Amino acid sequence: MKIETKFNVGQEVWFLKKNKIVSDFIDHICMRIDMDGFTTLHYHFKKREGEKATLRTEDYLFETKEELIEQLQG
């Protein structure tokens, strides 16, 4: 099985966090494959002091701030 990711470890990506546009660098990627062969990739970001760890799937991550804003505008 070959798994291709949309983003790479160390890459800066943009997403919404608490209704604010933020960017962060991907710390690691976890993969889950269920019995039906459905694959889900979770992108993890380093835990910040006093915050919960952040993770997102590809659907909620964007390469640029502009792409994220465009998606929000629909």
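The exercises below work through the fold, contacts and surface of a predicted model.

Residues are numbered from 1 along each chain as its sequence is written, and side-chain values use heavy atoms, with hydrogens and water left out. Because the model is predicted, local features need pLDDT of at least 70 and side-chain atom pairs count only at pLDDT 80 or more, while totals for chains, interfaces and linings use all residues.

**Exercise 1. Overall layout**

Task: state how many helices and strands the protein has, and in what order the elements run.

Solution. 
- Step 1. Helices are DSSP runs of H or I with at least four residues and strands are runs of E with at least two, numbered from the N terminus.
- Step 2. The protein has 1 helix and 4 strands.
- Step 3. Read from the N terminus, the order of the elements is β-β-β-β-α.
- Step 4. Along the principal axes, the C-alpha atoms fill a box of roughly 35 × 35 × 20 Å.
- Step 5. Of the 74 residues in the protein, 22% are buried. Buried means under 20% relative accessible area, exposed over 50%, and partly exposed in between, with a 1.4 Å probe and protein chains only.

**Exercise 2. An aromatic pair**

Task: find how many aromatic pairs the whole structure holds, and describe the geometry of the pair formed by Phe7 and Tyr43.

Solution. 
- Step 1. Rings of Phe, Tyr and Trp (its six-membered ring) pair if their centres lie within 6.5 Å; planes under 30 degrees apart count as stacked, over 60 as edge-to-face and the rest as tilted.
- Step 2. The search gives 2 aromatic pairs.
- Step 3. In the pair of Phe7 and Tyr43, the centres are 5.7 Å apart and the planes make an angle of 80°, which is edge-to-face.
- Step 4. Phe7 lies in the segment before strand E1 (12-17) and Tyr43 in strand E3 (residues 39-45), so the pair ties together parts that are 36 residues apart in sequence.
- Step 5. Phe7 has a relative accessibility of 0% and counts as buried; Tyr43 is buried too, with a relative accessible area of 0%.

**Exercise 3. The salt bridge of Lys2**

Task: identify which residue forms a salt bridge with Lys2, and decide whether Lys2 is buried or exposed.

Solution. 
- Step 1. A salt bridge requires a side-chain nitrogen of Lys or Arg within 4 Å of a carboxyl oxygen of Asp or Glu.
- Step 2. The partner of Lys2 is Glu4, with the closest N and O atoms 3.7 Å apart.
- Step 3. Lys2 is located in the segment before E1 and is exposed, at 69% relative accessible area. Glu4 also counts as exposed, at 62% relative accessibility.
- Step 4. Between the C-alpha atoms of Lys2 and Glu51 there are 34 Å in space, and the two residues are 49 residues apart in sequence.

**Exercise 4. Surface patches**

Task: name the residues of the negative patch and of the nonpolar patch.

Solution. 
- Step 1. Patches consist of residues with over 30% relative accessible area and no salt bridge; like charges are joined within 9 Å, and nonpolar side chains (Val, Leu, Ile, Met, Phe, Trp, Tyr) within 5 Å. Asp and Glu count as negative, and a charge is placed at CG of Asp or CD of Glu.
- Step 2. Glu63, Glu66, Glu67 and Glu70 form the negative patch. Glu67 belongs to helix H1 (residues 65-73) and is partly exposed, at 39% relative accessible area.
- Step 3. Met1, Ile3, Met31 and Ile33 make a nonpolar patch of about 420 Å²; accessible areas come from the Shrake-Rupley method with a 1.4 Å probe.
- Step 4. Met31 is part of strand E2 (residues 20-33) and is partly exposed, with a relative accessible area of 46%.
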